[in-house]
Amino acid sequence: MLGMSALDLARVQFGFTITFHIVFPAITIGLASYLATLEGLWLWTGKTVYRNLYHFWSRIFAVNFGMGVVSGLVMAYQFGTNWSQYSEFAGSITGPLLTYEVLTAFFLEAGFLGVMLFGWNKVGPRLHFFATLMVALGTLISATWILASNSWMQTPQGHEIINGVVVPVDWLAIIFNPSFPYRLAHMVMAAFISTALMVAASAAWHLLRGNRQLEIRRMFTMAIACLLLATPLQIFIGDLHGLNTLEHQPAKLAAMEGHWENKPGEGVPLILFGWPDMEAETTRYKLEIPRLGGLILTHEWDGQYPGLKEFAPEDRPNATVVFWSFRIMVGLGLLMLLLAVWGSWALWRGRGHESRALSRFALWMGPSGLIALLAGWYTTEIGRQPWVVYGLMRTSDAVSNHSELTLSVTLLVLLVVYVAVFGTGIVYMLKLIRQGPDTNEVPPDGESLNQRPARPLSAATPLLDSAPARSTTRN
């Protein structure tokens, strides 16, 4: 396919499937915590606005959760089908960590998901709130195990290599490897921000159409408040993560900054824009601020860090891709901060729900959290190349022995199936969002499902089956 090798096709296939998959767990993490917050506020205040918002977003959560589970299965199978050499080399690390994720997080989520989605009229409010908390906790535990596994691939420790195979010797060192705390915090915060932006965009869509019911206004206010808290914290975590990357993966950091070589006695500039040329070993058309790059990363006026020329050409990541994916993430992060500050100021002045300019900005920023999350993931994973386990195993040594034809066919099949299945799911979620919260809704229970076995997606059907009129003037 397009003249690509089997290795290239295997990487494209994995990149394609993880691009689809990572979006759904991110929304699941954010929405689960949002739902727990809404139900907690309802129990605390007794205000029905929080209950109505809970039932509205629980439907979207159900659809998203289902798609996340399905897309995750494909990811797990690829370790054995396309990356069998990696599985043989590091399966003693990856296998147990993924098993722990299933035994703790997934079972916890699955065990309480039915109560959360269908038990509103079956159990007491405190028990139902406990079930929601357990689902939210399960999503965070799931992220912990997955990030522990991936972080070990970035900064491996706690192991020995015996007869060409990784053998674990210290599980605490494996789990709490040097990059794990920063990557976990960065990912979870990205999930919260992505969800807040989606909620804000949903509310903005209704506000632009004149729907100013209490649920819509409260939804918008909560989303802006979350952004105001989470966005600056994410920037701070990102800075710490960058310092950690400089210490443990300096080639990746050099690629992120488009930095090729140091000049004697001169601090490294911060390159705002440019085009890293891998062949010419330089960054063309660059716009830079003298010394600022070294000052940020080393806290010294003449600070320097290794450039790409200090690494062998075969050990360098693709600086062109990493440089720009990093800037997309940072640029969108600054726009998120702008939305948080502008929205907070407008709400404080009492004009946040009436400003059409603010609502348009929030609507356009809706997908930015997920785009930034993907850009950050590409920065992390492409920046690790050419290693699948940093410093231990090259990606070219990890791939299975498949032909180009086999991988081309499977990639095409995945393209068609993913677009059809998950495209339909995404359209369905958008349709639910367009319906908006129902202020006269009766919480769903088993009776409304005609006694059929309840599936997660069943929780999304009542809203589309009936859309009663809604008041837009509640206070």
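In this protein, the 31 positive and 31 negative charges have mean positions 16 Å apart. The model is predicted. Its secondary structure comprises 14 helices and six strands.

**Overall build**
- The protein has 475 residues and a radius of gyration of 24 Å.
- A compact globule with 475 residues would have a radius near 23 Å, so the value for the protein agrees with that expectation.
- Along the principal axes, the C-alpha atoms fill a box of roughly 70 × 50 × 45 Å.
- Take the contacts in the protein with a separation of 6 or more: 79% of them come from residues 24 or more positions apart.

**Inside and surface**
- Of the 475 residues, 51% count as buried.
- The protein exposes about 21200 Å².

**A look at histidine 259**
- Where does histidine 259 lie? Histidine 259 sits in the loop between helix H8 and strand S3.
- Helix H8 covers residues 250-257, and strand S3 covers residues 270-277.
- Is histidine 259 buried or exposed? Histidine 259 counts as buried because its relative accessibility is 6%, and the cut-off for buried is under 20%.
- Which residues does histidine 259 touch, leaving out those up to four places away in sequence? They are Ala254, Val268, Tyr305, Pro306, Gly307 and Leu308.
- One of these contacts, Ala254, falls within the 250-257 range of helix H8.

Technical notes. Residues are numbered from 1 along each chain as its sequence is written. This is a predicted model: local features need pLDDT of at least 70, side-chain atom pairs count only at pLDDT 80 or more; totals for chains, interfaces and linings use all residues. Side-chain values use heavy atoms; hydrogens and water are left out. Helices (H or I, at least four residues) and strands (E, at least two) are DSSP runs, numbered from the N terminus. The radius of gyration is taken over C-alpha atoms; the globule rule is 2.2 Å times the number of residues to the power 0.38. Buried means under 20% relative accessible area, exposed over 50%, partly exposed in between (1.4 Å probe, protein chains only). Contact means heavy atoms within 4.5 Å. Accessible areas come from the Shrake-Rupley method with a 1.4 Å probe; for residues, only the protein chains shown count as cover. Lys and Arg count as positive and Asp and Glu as negative; His and the chain ends are not counted. The place of a charge is taken as NZ of Lys, CZ of Arg, CG of Asp or CD of Glu.
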